[in-house]
Amino acid sequence: MNVVMLLFPRLTQLDLTGPFEVFTRFKELKVHLVWKTMDPVTDASGLKILPSATFADCPQADILFVPGGPGQMGVMEDAETLDFLRRQAAGAQWITSVCTGSLVLAAAGLMTGYRATCHWSSIDQLALFGVTPVAERVVVDRDRVSGAGVTSGIDFALTLAALLFGEERARQAQLFMEYDPAPPYSGGSPASAPAEMVATVREGLKPFLAERRAISERAAAALRR
């Protein structure tokens with residue numbers, strides 16, 4: 001099965017590399033890192049990732065995957081990328097995302113009428129595209145599987161692996177990776193963090209989220225035309 005994982009400038013690498021690590025544990029999956037060219041793609045923190053295929057020579061995806069990150073805003077209005085996702089989705093068995101990758105899929109018209117999740121700071125924007133936002137770590141709705149913010153990518157990929165190959169093999173992969181989270185602090189989501197901390201983080205994100213929402217509103221309007 002071909003797993004087509006979209007790259008784009010200023011993505012959040014852990015959105016991508018968490019699921020990548022899980023997928024490579026299954027011999028049935030062949031992972032392709034895909035962008036417009038074969039040039040290195042620089043993530044939001046400066047890490048360079050090499051594509052293994054371009055839009056032009058990418059095989060048909062069985063599993064289509066889109067990560068998130070600040071660069072998602074530009075991708076949501078990039079016709080070439082959105083067209084690529086639509087073409088690939090037409091023949092894919094699973095259409096998937098982590099973090100704000102679900103907004104990219106939504107901008108391509110691929111999440112309308114589905115339940116999905118996203119990073120907590122932007123999950124409300126899914127509703128602009130006719131998507132039902134669900135504040136859960138991983139959301140499965142028919143052939144759509146979405147993960148919440150950043151670190152949920154591993155949970156997402158293990159969930160999908162269980163759907164594909166059974167829970168036992170997914171649990172074996174989890175054990176091999178020693179994925180047994182015990183974070184040093186509680187409060188890694190708005191549901192468990194102190195309200196004042198959530199408010200502080202939201203305040204710091206306010207200009208960025210305003211920009212993201214404006215782009216989401218434009219993308220949603222473009223989809224309706």
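The largest nonpolar core of this predicted model brings together 68 residues, and those with the most contacts inside it are Phe23, Phe129 and Phe156. Helix 5, which spans residues 152-165, gives the most to this core, with seven residues. In soluble globular proteins, nonpolar side chains tend to be buried together.

Leaving aside residues up to four places away in sequence, Phe156 touches Pro19, Phe23, Phe65, Thr96, Ser97, Val98, Val138, Val145, Ser146 and Gly147. Among these partners, Thr96, Ser97 and Val98 bring the description to strand 7, which is made up of residues 94-98.

Strand 7 is mostly covered, with five of its five residues buried. The cover extends to both faces, for Trp94, Thr96 and Val98 are buried on one side, while Ile95 and Ser97 are buried on the other. Strand 7 pairs with strand 6 (residues 63-66) in the parallel sense over four bridges, and within that pairing Trp94 is the bridge partner of Ile63. Strand 7 also pairs with strand 11 (residues 144-147), again in the parallel sense and over four bridges, and here Ser97 has Ser146 as its bridge partner.

How far apart are Leu223 and Phe129 in sequence and in space? They are separated by 94 residues in sequence, yet their C-alpha atoms are 8.1 Å apart in space. Leu223 touches Phe129 and also Arg86, Ala106, Ala107, Ala108, Gly109 and Thr112, again not counting residues up to four places away in sequence. Because its relative accessible area is 32%, Leu223 is classed as partly exposed, a class that lies between buried, under 20%, and exposed, over 50%.

| Pocket | Volume | Lining by class |
|---|---|---|
| Largest pocket | about 620 Å³ | 13 nonpolar, nine polar and two charged residues |
| Second largest pocket | about 160 Å³ | six nonpolar, five polar and one charged residues |

The largest pocket has a volume of about 620 Å³, and of the 24 residues that line it, Arg137, Gly149, Thr151, Gly188 and Ser189 are the closest to its centre. Which residues line the second largest pocket? Its lining consists of Thr12, Gly69, Pro70, Cys99, Thr100, His119, Ser121, Val150, Leu205, Phe208, Leu209 and Arg212.

How values were computed
Residues numbered from 1 in each chain as written. Predicted model: local features only at pLDDT ≥ 70, side-chain atom pairs only at ≥ 80, totals over all residues. Heavy atoms only, no water. 1 Å grid on protein atoms, 1.4 Å probe; cavity = no way out; pocket = protein on both sides within 12 Å on 5 of 7 lines; lining within 4 Å. Points joined across faces, edges and corners; volume = space filled by probe spheres on them. Nonpolar A, V, L, I, M, F, W, Y, C, P; charged D, E, K, R; others polar. Core = buried A, V, L, I, M, F, W, Y, C linked by side-chain atoms within 4.5 Å. Buried < 20%, exposed > 50% of the residue type's maximum accessible area, 1.4 Å probe, protein only. Helix = DSSP H or I, 4+ residues; strand = E, 2+ residues; numbered from the N terminus. Contact = heavy atoms within 4.5 Å. Pairing = 2+ DSSP bridges.
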